[in-house]
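Hi,

Here is the structure for your files. Please look it over before you read the notes below.

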Amino acid sequence: MENVTATEFKVPTREDVAPINQGIFDNLNKALGFVPNLYATIAYSENGLKRFLDYQNAKTSLNNKEKEAVNLVVSQVNECVYCQSAHTVLGKMNGFNDAQLLDIRKGRSDNPKLDALVKLAADITLNRGKAKNETVEDFFAQGYTKENLVDVILQVSDKTAMNYLHNLTKVPVDFPLAETL
């Protein structure tokens, strides 16, 4: 059963948001060539967009490929079409091919270290932080550290917030659809 929101969320334009967010829109336009609809939606909150981007762009022990693997599997578990689409594109930009991206969406990888990461991120998401002991142990057995574990949890929380925002607002997807794989 699909939830229906009482209020339709239109994507705010630069003129619709607070001055601090207008500056962020300008920076996103310079960096990306557009303002992703989900970021624009965060700008309904005067302070939310800056706060979220600071959190999202903070240093982490995970490399970009690992972050994209976490982002993609979490978005799959949370059934967020917007983020699946965005992280399919970003995954390709970070060196994954179509087959690898599909495997990650299915919660696996042929690379043992990445497989342990993907399985842990999916388990954390599915079980609301109560991952199975064997999944955590396999993660550590593949060479990951306690620092990496904390960073995986933070990455899951970042992506879950975006997944929930899209699943509730249903703003239009402005990335090529992931289903085209």
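Glu79 counts as exposed because its relative accessibility is 62%. Here exposed means over 50% relative accessible area, buried under 20%, and partly exposed in between, with a 1.4 Å probe and protein chains only.

Two notes on provenance. This is a predicted model: local features need pLDDT of at least 70, side-chain atom pairs count only at pLDDT 80 or more, and totals for chains, interfaces and linings use all residues. Residues are numbered from 1 along each chain as its sequence is written, and side-chain values use heavy atoms, with hydrogens and water left out.

Back to Glu79. Its phi is positive, about 55 degrees, although Glu79 is not a glycine. Glu79 sits in the loop between helix H4 (64-77) and helix H5 (81-93). Helices are DSSP runs (H or I, at least four residues), numbered from the N terminus.

Arg128 is another non-glycine residue with positive phi, near 50 degrees. Its loop runs between helix H7 (112-126) and helix H8 (133-141). Arg128 counts as exposed, because its relative accessibility is 77%.

Now the cysteines. How many disulfides are there? The count is 0, where a disulfide is a pair of cysteine sulfur atoms within 2.5 Å. Cys80 is in no disulfide; its nearest cysteine sulfur, in Cys83, is 3.6 Å away. Cys80 is buried, at 0% relative accessibility. Cys83 is buried too, with a relative accessible area of 2%.

Best regards

Conventions:
Helices (H or I, at least four residues) and strands (E, at least two) are DSSP runs, numbered from the N terminus.
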